Amino acid sequence: MPRTPHHRVDLLPCRHPGIEAVAADTSFAFSRHVHAQFGVGLIQRGAQKSASGRGMVEAGPGDLITVNPGEVHDGAPIGGGGRAWRMLYIDPAVLARATRDLGEEGSLPSAEFTRPALRDPELARGFGRLFQAMTARIRESADELAADETLVLVLGGLLRPRAPAAGHIPPGVARARSRMDDDPAASPGLGCLAEEAGLSRYQFLRAFARATGLTPHAYLLQRRIHHARQLIGQGIPLAQAATDSGFYDQSHMNRLFVRSFGMAPGCYAEARRR
């Protein structure tokens, strides 16, 4: 008999600024979305399949999962019991500082997670220690040292130099994308974006999707929801965050927030206040 669908995603207090800790146990299927942070996690129970920058992957109990900023991905359970995982989302600036001694010199464009799902028991144990250290409430200096060194060791085991990208983003597409990045609340028309790129509307749609993995509209919605998330984290009221991010109403923001992050904006705001 299939199990009853369930869904719980909790944002946990995290001792390290610039890192968010999430605990999830859910049968929810996440739609295609992106994160502004690097993500690394561990599947604790069940299994899932997900699209990634390297194709479809599957992960089960004990497997590590990773995602890079801007990498289009989704996630659906395998089987009827859902899956449970722990995840750390790391701001790029935090990762740059943590990896300064890994030979990358903190250069964000030259480092990425190259394995969206992997089985490495030693790294998995290291991640378990890291998650526990990041969510611990004690702030003694020895614990801070342990947390910092575990963070560097785990990242060192996961990061690899980025190979020269075969799918280089054409300058025109990059200009149009920057226009959306700079003002996600604006509503540029397809013709304006195509003109910015120096392409016909059809050519622009194909080039943008090929370069980013998303249509221009889907990309703009992702930029808006990340902007809203940042505002909510700063204590901005939900209705104002929705308006300031370009959503036509709060319910539209709420729906996209849940599809992207697995929790309602109000729950996220409450967790950030704790």
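At 12% relative accessibility, F30 counts as buried, the term buried meaning under 20% relative accessible area, exposed over 50% and partly exposed in between, with a 1.4 Å probe and protein chains only. F28, by contrast, has a relative accessible area of 23% and is therefore partly exposed. The model is predicted, so local features need pLDDT of at least 70 and side-chain atom pairs pLDDT 80 or more, while totals for chains, interfaces and linings use all residues. Residues are numbered from 1 along each chain as its sequence is written, and side-chain values use heavy atoms, without hydrogens and water.

Rings of Phe, Tyr and Trp (its six-membered ring) pair if their centres lie within 6.5 Å; planes under 30 degrees apart are stacked, over 60 edge-to-face and the rest tilted. By this rule there are eight aromatic pairs. Among them, F28 and F30 have ring centres 4.9 Å apart and planes at 85°, so the pair is edge-to-face. F28 and F30 also form one aromatic cluster with W85.

F38 and F113 make another edge-to-face pair, 5.6 Å centre to centre with 85° between the planes. This pair links distant parts of the chain, 75 residues apart: F38 is in strand 4 (residues 38-46) and F113 in strand 10 (residues 111-113). Both F38 and F113 are buried. Strands (E, at least two residues) and helices (H or I, at least four) are DSSP runs, numbered from the N terminus.

A ring also meets a charge: R229 lies over the face of F261, 4.9 Å from the ring centre, the criterion being NZ of Lys or CZ of Arg within 6 Å of the centre and within 35 degrees of the ring normal.
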